[in-house]
Amino acid sequence: MGMTKSIFSSFIKKLAADNKKRKIIVALGFIFILLILMSVFFDSDNKDTQKAAVSEEVILDREEYTLSMENRLTDILKDIYGVGEVKVMLTIDDTGQNIYQSDIKKTNDSSDSGQNTSYEQQLVLIKDNSGKTNALLKSTEFPKVSGVVVVCEGGDDINVQKRVIGAVTTVFDISSAKVCVTKLENKQNGGR
């Protein structure tokens, strides 16, 4: 260890004595600092772009999800005895969200005042076939249904209402107070 220290200190003394080498080392240090600052700047721009793309994707999926669930529920309800023609409308509580895979880095710092633990979370990025970098999707939480309106031909029959409410509350795991079943207007007889 002592020999390594003496070799290192003699190397430093030689560098300090040579003015040209000192200038080169200082210039390299400035270039290194500049590269670090540039990487931080470009990395924050990339994160903002990723966040915007994620939120846009969720908004588009909400409309598709709502329409898909309304169609699926309509298909189920029209097969229930006594329902007849049926129309469905869902109220969605939130937009849902995509959950992306991330790595968590734990850092322990010891100092005179004690030990500090910090955590840094970073998205796992992958490249698709076109070479575009995307975050790795772990799972998707779909929007939650907060209310359902069912308008059907048999909506004035209490037994049909019970069957429809039972089906809807089971499918969406919501209370019966959030389901409205009513009779479809009969347009052939002037509405009544």
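Modeller: Helices are DSSP runs of H or I with at least four residues, strands are DSSP runs of E with at least two, and both are numbered from the N terminus. Along its sequence, the protein chain then reads α-α-β-β-β-β-β-β-β-β-α-β, with 3 helices and 9 strands. This is a predicted model, in which local features need a pLDDT of at least 70 and side-chain atom pairs count only at pLDDT 80 or more, whereas totals for chains, interfaces and linings use all residues. Residues are numbered from 1 along each chain as its sequence is written, and side-chain values use heavy atoms, with hydrogens and water left out.

The pLDDT, the predictor's confidence in each residue from 0 to 100, averages 78 over the protein chain, and 79% of the residues score at least 70. Residues 48–56 fall below 50, and this stretch has 3 contacts in the model beyond near neighbours in sequence; a contact means heavy atoms within 4.5 Å. Where pLDDT is low, the predicted coordinates should not be read in detail.

I now turn to the core. A nonpolar core is a set of buried Ala, Val, Leu, Ile, Met, Phe, Trp, Tyr and Cys residues joined through side-chain atoms within 4.5 Å. Buried means under 20% relative accessible area, exposed over 50%, and partly exposed in between (1.4 Å probe, protein chains only). In the protein chain, 21% of the 192 residues count as buried. The largest nonpolar core has 22 residues, and the members that touch the most others are Leu77, Leu90, Val148, Val150, Val168 and Phe172. Two or more residues come from each of α2 (19–77), β1 (86–92), β8 (145–152), α3 (158–172) and β9 (179–183). The greatest contribution is that of α3, with 5 residues. In soluble globular proteins, nonpolar side chains tend to be buried together.

Valine 168 shows how these parts meet. Apart from neighbours within four places in sequence, valine 168 is in contact with Leu73, Leu77, Val148, Val150, Asp173, Ile174 and Val179. Most residues other than glycine have a negative phi. Aspartate 173, although not a glycine, has a positive phi of about 55°.

Helix α2 also carries residues of other kinds. Glutamate 70 is found in α2 and counts as buried at 15% relative accessibility. Leaving out residues up to four places away in sequence, glutamate 70 touches Val88, Met89 and Leu90. Isoleucine 31, also in α2, is partly exposed at 48%. Together with Ile24, Leu28, Leu34, Leu35 and Met38, Ile31 makes a nonpolar surface patch of about 570 Å². Such patches consist of residues with over 30% relative accessible area and no salt bridge, with nonpolar side chains (Val, Leu, Ile, Met, Phe, Trp, Tyr) joined within 5 Å and like charges within 9 Å.

A salt bridge is a side-chain nitrogen of Lys or Arg within 4 Å of a carboxyl oxygen of Asp or Glu. The structure holds 1 salt bridge, between lysine 78 and aspartate 75, whose closest N and O atoms are 3.6 Å apart. Lysine 78 is partly exposed at 47%, and aspartate 75 is partly exposed at 42%.

How values were computed: Areas by Shrake-Rupley, 256 points an atom, 1.4 Å probe, with all protein chains shown as cover.
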